[in-house]
Structure formats: C-alpha cells, structure tokens
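My notebook is open, and I am going through this structure topic by topic. Please follow along with me.

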Amino acid sequence: MKTYPRRNPVIAALVSRGMRRGITRHFNAVRLSGNSDILRHYGPLIVCANHPGWWDPAVFAWLQHRFFSHCHGYGPMEAQALRKYPLLEKAGLIPVSPENPESLRHFLRKACKILGQGHVLWITPEGHFSDVRSRPIRLQAGFAHLARRVPSAMLVPLAIEYTFWNESRPELLLRFGDPVSALESTRTQNTTVLMEEALTTTMETLARDAIMRDPSKFRTLSQGAGGIGGLYDVGRRIRQWARGEEFQPRHDQ
C-alpha cells in the first residue's frame, strides 16, 4: 500500500498558487463574516465546510496560504476522481474510497498523523455538492471519528457562499463558526450532530449577512478592480473624463 501523504512542496506551492489566482481572477471580492479568532490558531485544525460548488478546494488553498502558512493544508478526495488529477495528490490531497472500509481506515491513520504534526485538514463532510439553502444538513461521521482520535485538534465549521451582488463577478463569502468539542460527547454520533447544528447555524448567519449585500458587514480580505472591462468600461471612462469626474469602475460607486 502507498504511503501518504505524498506531498511535494514544489508541486504543492504551484498548485496552491494556481488555485489562488483563480479566486482572484474569477471573484469580485473575498469577504469574511463574523469573529476571526480561529485565524490566529496555531494548533492542529479540522475545518468542516459546506460543499456548495467546484471552487471549494481553491477556497481552502486561499485560506491556507493567507492565514495558516505556518503549516501545511491537506484534504481528502475520492480516489477515482483523484486518479484523473495526479498532481493534486502531490499537492496534499489524500485519496479515499468511501465504500471501502480499508481505505477509510487508511485515511484515518494518515489524517491522525497529519494532525499530530500540527497541520490543517480541510474537509466537506456532506460528501457531495449541496445548495446552501438545503436543509437539514447531514454530515458523514468520518470527521467525528478522527476528532476523537486527535483530541488536541480544534474542530471548526466553515460556511461558504458564492453569490452575486453589484458587480459582474460573484462575491466569495466566508464565515467560521464556534468550535465543536468531540470531548463533550460520549459517542461519535453526538459529535456529528453537534457539527451539523454548528454548521447550520454558521451558514444561516452568513446567509443573513449575504442578503443585506452590505460590504461593511464583512471584513474584505481581497478585492478586484470591479467594473465589466472592455469597450463598455472604456465608454464609461470617456464619459466621466468629459465631465471632469474621476473614473469609478465599481457599480456601487
């Protein structure tokens, strides 16, 4: 059996850079809602996020680079899908076959090792893409087994939304919730339920902020130039120049 994680630092850096550039190019802004104390955490971390879309791994790479550069980020990926993207395995993704008990046990062993070294594990325990409005939230219990094996790891929910406000590109909205303790419950099932409740609360709080469409409700971590670009913005620039006005590419200005 192969030994994981098979992380290559050069490949990991290149893949992360490509993912982060994708976030910068395709989103108007990255905005964080609520308390950000978790971003100063320096111990092992299990981040349990909802799974709204294809961009989720790039979001994890962006957050890992921005706030957790003192350690490495890892995450599971369905083994059959990972075989199509072999470089991702060398970037820190770990293959797992959910229907194979031995594969699951193997992943747990490697994840325990990763967390024991103080790294971050990014997971989407819903196990499939799911609309942010779908309720109830149902999570697979693997993360709870892992948390009980590594009691030093902090278990944290992360809500992600991709939504359009006033610009041509969407907003990337994020919110970390309150940590969940695996030690407060006597059964793995209880830990799973606690995280389902915590993730639901975090997602609903983020949704309330998103609906307001007010950037002041968020901490803006990154923002692009705005506007549409091309001939449309050239025309706008000429009109504002003719009026003696400073060109403002953003529609909300």
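I call a residue buried under 20% relative accessible area, exposed over 50%, and partly exposed in between (1.4 Å probe, protein chains only). I am working from a predicted model, where local features need pLDDT of at least 70 and side-chain atom pairs count only at pLDDT 80 or more, while totals for chains, interfaces and linings use all residues. Residues are numbered from 1 along each chain as its sequence is written, and side-chain values use heavy atoms, with hydrogens and water left out.

**Salt bridges**

I took a salt bridge to be a side-chain nitrogen of Lys or Arg within 4 Å of a carboxyl oxygen of Asp or Glu. I found eight of these salt bridges in the structure. R133 pairs with D131, with their closest N and O atoms 2.8 Å apart. R133 is exposed at 66% relative accessible area, while D131 is partly exposed at 36%.

I then looked up R138, which bridges to E196 at 3.8 Å between the closest N and O atoms. R138 sits in the loop between β5 and α6 (142–149) and E196 in helix α7, so this pair ties together parts 58 residues apart in sequence. Helices (H or I, at least four residues) and strands (E, at least two) are DSSP runs here, numbered from the N terminus. R138 is exposed at 53%, but E196 is buried at 11%. I also noted that E102, R105 and R109 are joined into one network by salt bridges that share partners.

**Aromatic pairs**

Which rings did I count as paired? Those of Phe, Tyr and Trp (its six-membered ring) with centres within 6.5 Å; planes under 30 degrees apart are stacked, over 60 edge-to-face, and the rest tilted. This rule gives six aromatic pairs. F60 and W122 have ring centres 5.2 Å apart and planes at 20 degrees, so I logged them as stacked. F60 belongs to helix α2 (residues 56–67) and W122 to strand β5 (residues 120–123), 62 residues apart.

W122 also pairs with F68: the centres are 6.0 Å apart and the planes at 65 degrees, so this pair is edge-to-face. F68 lies in the loop between α2 and β3 (73–78), 54 residues from W122. F68 is buried, with a relative accessible area of 1%, and W122 is buried at 5%. Elsewhere in my notes, ring pairs link F27, W54, W55 and Y162 into a cluster.
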